[in-house]
Amino acid sequence: MSSIKKNVFAMTFNKLGGVAVGGINNLLVAKFVGLVAVGCYSNYLLVVNTLRTVFIQLFTPITASVGNFVALKTQEESYQCYRNILFVNAYLAIEVTVCLATLINPFISVFWGDQYVFSNLMTLAIVLNFYVDRMRQASQMFIDVSGLFWQIKWRSACEALLTVALALIFLLYFDMGLMGVLLGTLFVNVFVNLWWEAYVVYKNLFRYSLLSFLILQMVYFFILGLCYIIIMFIISNFSNDIMGLILKTFIAFVVSNLIMILLTAKTKEFKYFKNIIFNLIRKKS
């Protein structure tokens, strides 16, 4: 099989696998979870999927430029480019995830009613799935621009099989309902998708150890947790009306940005993008 045919086959297999997982999850939820929970879940999915689409669109315009950069630059320069994109990816993912985790329940309460609001634990499971899925963006971009589809071909099959197996175990043996489906998806996202995609990029493109990536992920997750705890503490006594939601949104946005800036200001990646922003401001002024 020629290289082009192999990559086309692998890319198609990879994309179909992702679609299949989403479809299987929807079938499992419809089959084993009550109609009330399905109705509530659809409200959360509407918000989460809208933000996911916006998130993807933010990175789409730079994909071609990244591909040119990787093709023309050295391995070290490509690696630093990956680190820079991963930083922006993490910054936005943390920002959006924290706002989702702290605001989605008040938002649904205001616009749909308290009867459609999940517990904080269920909400966290939904939001963490969004976070881990979005933290895969940088690796997925570099797989696409470098044509590493053949190297990642078995990931989708493993993802689909494990997602179904874990969801059925949580549903049938532990009777966890919707939480079981969410936990199965979260487990596969963390322990299969996130590291596997990064491993393919690090091994085939950078020739670096995956340890640095895993350490970065732990640092970013720590920042996410810190932001969530602090913001939830601040907004816990605010009312769940329109004005309260506006105040909570302002606090979540400002506090999460302040924490991110304070904890990452000395990193090479933050300084790089700070210079880009300042240069853009100078050109427009």
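User: How many residues does helix 4 have, and what span does it reach?

Analyst: Compare the end-to-end span with the expected one. In this predicted model, helix 4 covers residues 75-111, which is 37 residues. From first C-alpha to last it reaches 50 Å, close to the 54 Å expected at 1.5 Å a residue.

User: Where in helix 4 does the kink lie?

Analyst: At Leu-103, with an angle of about 50 degrees. Past the end of the helix, look at Gly-113: its phi is positive, near 115 degrees.

User: How many residues of helix 4 are buried?

Analyst: Count those under 20% relative accessible area. Here 27 of the 37 residues are buried, so helix 4 is largely enclosed by the rest of the structure.

User: Which residues have the most contacts inside the largest nonpolar core?

Analyst: Tyr-82, Ile-94, Phe-142 and Tyr-220, in a core of 56 residues. Helix 4 supplies the largest share of this core, 13 residues. Apart from it lies another core, of 25 residues, with Tyr-44, Phe-130, Met-179 and Val-181 among them.

User: What does Phe-142 touch?

Analyst: Leave out residues up to four places away in sequence. Its partners then include Ser-78, Cys-81, Tyr-82 and Ile-85, along with Val-66 and Val-70. Val-201, Leu-205 and Phe-206 are also in contact with Phe-142.

User: Now the rings. How many aromatic pairs does the structure hold, and which way do I read their geometry?

Analyst: The structure holds 22 aromatic pairs. Read two values: the distance between ring centres and the angle between planes. Phe-55 and Phe-59 have centres 5.5 Å apart and planes at 20 degrees, so this pair is stacked. The cut-off for stacked is under 30 degrees.

User: Why do residues three or four places apart in a helix point the same way?

Analyst: An α-helix has 3.6 residues a turn, so residues at that spacing point the same way. Phe-55 and Phe-59 are four residues apart in helix 2, about one helical turn. Both are buried.

User: What is the geometry of the Tyr-79 and Tyr-202 rings?

Analyst: Their centres are 5.8 Å apart and their planes stand at 85 degrees, so the pair is edge-to-face. Tyr-79 lies in helix 4 and Tyr-202 in helix 8, so the pair ties together parts 123 residues apart in sequence. Tyr-79 and Tyr-202 are buried. They also belong to a cluster linked by ring pairs, with Tyr-82, Phe-142, Phe-206, Tyr-208 and Phe-213.

User: How many salt bridges are found in the whole structure?

Analyst: Seven. For each one, check the N to O distance, then the places it joins. Arg-52 and Asp-133 meet at 2.9 Å. This pair links helix 2 (residues 35-59) to helix 5 (residues 120-134), 81 residues apart. Arg-52 is partly exposed, at 32%, whereas Asp-133 counts as buried at 12%.

User: Are Arg-83 and Glu-269 buried or exposed?

Analyst: Both are buried. Their side chains meet in a salt bridge, 3.2 Å from N to O. Arg-83 sits in helix 4 and Glu-269 in helix 11 (residues 268-284), 186 residues apart.

User: Which residues are linked in a network of salt bridges?

Analyst: Arg-52, Asp-133, Arg-134, Arg-136, Arg-155, Glu-159 and Glu-197. Within it, Arg-136 bridges to Glu-197 at 2.8 Å. Arg-136 lies in the loop between helix 5 and helix 6, and Glu-197 in helix 8, 61 residues apart. Arg-136 counts as buried at 5% relative accessibility, and Glu-197 does at 3%.

Key: Residues numbered from 1 in each chain as written. Predicted model: local features only at pLDDT ≥ 70, side-chain atom pairs only at ≥ 80, totals over all residues. Heavy atoms only, no water. Helix = DSSP H or I, 4+ residues; strand = E, 2+ residues; numbered from the N terminus. Expected span 1.5 Å × (residues − 1). Bend = angle between axes of the 7 residues up to and from the residue. Buried < 20%, exposed > 50% of the residue type's maximum accessible area, 1.4 Å probe, protein only. Salt bridge = Lys/Arg side-chain N within 4 Å of Asp/Glu carboxyl O. Core = buried A, V, L, I, M, F, W, Y, C linked by side-chain atoms within 4.5 Å. Contact = heavy atoms within 4.5 Å. Phe/Tyr/Trp six-rings, centres within 6.5 Å; stacked < 30°, edge-to-face > 60°.
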